[in-house]
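This report describes a single protein structure, shown directly below.

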Amino acid sequence: MRYLILSDLHANLEALEAVARDAAGRYDRVLCCGDLVGYCADPNAVVEWARAHCALVVRGNHDKAAAGIDAVEWFNPVARTAALWTQRQLTPDNAEYVRALVRGPVATDGFLLFHGFPVDEDAYLANAAEAEDAFRYVDARVSFFGHSHVQGGYILNRGRVETVGRARRGPFSFPIDPQCAYLLNPGSVGQPRDGDARAAYATYTPQESAVTYHRVAYDVERAQAKIHAAGLPPLLAGRLGAGR
Ligand code: ZN
C-alpha cells in the first residue's frame, strides 16, 4: 500500500489540487493529520475533496474550532476571525463531517497519525526536546503529525534524537531503519511555515520502508486573491507568499 500523507490543508484549494496532480499515480490511499479548514477561502471545496478521497483524517485544532467543539477565544485574533468566517461558510453536511473527525493518535497499517503532540492535539512538537518527550507516548515505529507546518521530523536512534530535513531541490527520500523510531511531519499543504512557499506532502510505503518528502509550486496568487475577496485578514494572504 502506498500512502499519500497530508496535513494542514487549511482550506487552500489551489495548493491541494496541485498536490493531488503532483502525486497522481504514486499512491493508493490518502491519510490526513488534520486542519482541513481555517485560514484560507475554500473550506467547503477542501472538505468535499477530503470526504471523497481521504481514507482517514484525524482532527486538528482548527477543525475543532470550525466545528464548534472548542471555543475560539484562545486563538489569536487572525485565526479567530478565520475560524468564525469558516463556521459561517461550511454547509451543514460539511460541518457535520468536520465535527465527527476522529481524535488522534489513530493507528493504521502499523503506523500512527496525530495532529499536534501524541497526548495533546493542540500542543506543538517543534524541537528535539519535545520530540524526545513525544517518543515516550508512541508505540509505533513510524508516526505522522502536523500542526507546526514545518516539513521534517525526528528520529530516535539508539536513545538519541536526530532531526530530519525537508525536500529542497527535488523529492527527499529516506529509509525507515527497523532499529529506530520516527516522528514525521509531511509539512503543510495549505500554509507552509518553513520558509518554502510551495505546498508540502509526503508519500510512504510501509512495505518498502521508505518515506519521501515532496514540494510542489501552486497558484499562490489565486489563493491570495480569494482570501482578499472573502474579506479574511490580509495577513493570511501575505504569509502564503512568504511561506512563513
Ligand atoms: Zn494547522
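A residue is called buried under 20% relative accessible area, exposed over 50% and partly exposed in between, using a 1.4 Å probe and protein chains only. The model is predicted: local features need pLDDT of at least 70 and side-chain atom pairs count only at pLDDT 80 or more, whereas totals for chains, interfaces and linings use all residues. Residues are numbered from 1 along each chain as its sequence is written, and side-chain values use heavy atoms, with hydrogens and water left out.

**Zinc site**

Donors are N, O and S atoms within 2.8 Å of the metal (3.2 Å for Na, K and Ca); water is not among the atoms, so sites may look incomplete. The zinc ion has as protein donors Asp8 (OD), His10 (NE2), Asp35 (OD) and His149 (NE2), at 2.1 to 2.4 Å. Their sequence spacing is D-x1-H-x24-D-x113-H. Histidine 10 belongs to the loop between strand 1 (3-6) and helix 1 (13-23), and aspartate 35 to the loop between strand 2 (29-32) and helix 2 (43-53); the pair therefore ties together parts that are 25 residues apart in sequence. Helices (H or I, at least four residues) and strands (E, at least two) are DSSP runs, numbered from the N terminus. Histidine 10 and aspartate 35 are both buried.

Four donors count as tetrahedral if all angles lie between 85 and 135 degrees; four count as square planar and six as octahedral if opposite donors are over 155 degrees apart and all others between 65 and 115, and anything else is irregular. The angles among the four donor atoms of the zinc ion run from 88 to 177 degrees, and the site is irregular.

**Salt bridges**

A salt bridge is a side-chain nitrogen of Lys or Arg within 4 Å of a carboxyl oxygen of Asp or Glu. The structure contains 16 of them, including the following.

| Arginine 222 | Glutamate 14 | 3.3 Å |

The salt bridge of arginine 222 with glutamate 14 ties together parts that are 208 residues apart in sequence, because arginine 222 lies in helix 7 (residues 220-230) and glutamate 14 in helix 1. Arginine 222 is partly exposed at a relative accessible area of 48%, while glutamate 14 is buried at 8%.

Glutamate 121 is buried at 5% relative accessibility, and lysine 64 is buried at 5%. Arginine 59 is likewise buried. A network of salt bridges links Arg59, Lys64, Asp70, Arg103, Glu121 and Asp122.

**Nonpolar cores**

A nonpolar core is a set of buried Ala, Val, Leu, Ile, Met, Phe, Trp, Tyr and Cys residues joined through side-chain atoms within 4.5 Å. The largest has 49 residues, and those with the most contacts inside it are Leu6, Leu9, Leu36, Tyr218 and Ile227. Helix 1 supplies the largest share of this core, seven residues. Another core, of 23 residues, lies apart from it and has Leu113, Val142, Val164 and Ala202 among its members.

Contact means heavy atoms within 4.5 Å. Beyond its neighbours within four places in sequence, leucine 6 has contacts that include Leu16, Val30, Trp49 and Tyr201. In helix 2 the buried residues are Pro43, Asn44, Val46, Val47, Trp49 and Ala50. Among the elements that cover them are strand 1, helix 1, strand 2, strand 3, helix 4 (77-89) and helix 5 (92-99).

Two strands pair if DSSP finds at least two bridges between them. Strand 7 (residues 152-157) and strand 8 (residues 160-164) run antiparallel and are joined by five bridges. Glycine 153 is opposite valine 164 of strand 8. Their hairpin has two residues between the strands, and arginine 158 takes a positive phi near 50 degrees there.

Alanine 223 is located in helix 7 and is buried, with a relative accessible area of 3%. From C-alpha to C-alpha, alanine 223 and glutamate 14 are 6.2 Å apart, although 209 residues separate them in sequence. Leaving aside neighbours within four places in sequence, alanine 223 contacts Asn12, Glu14, Tyr218 and Leu240.
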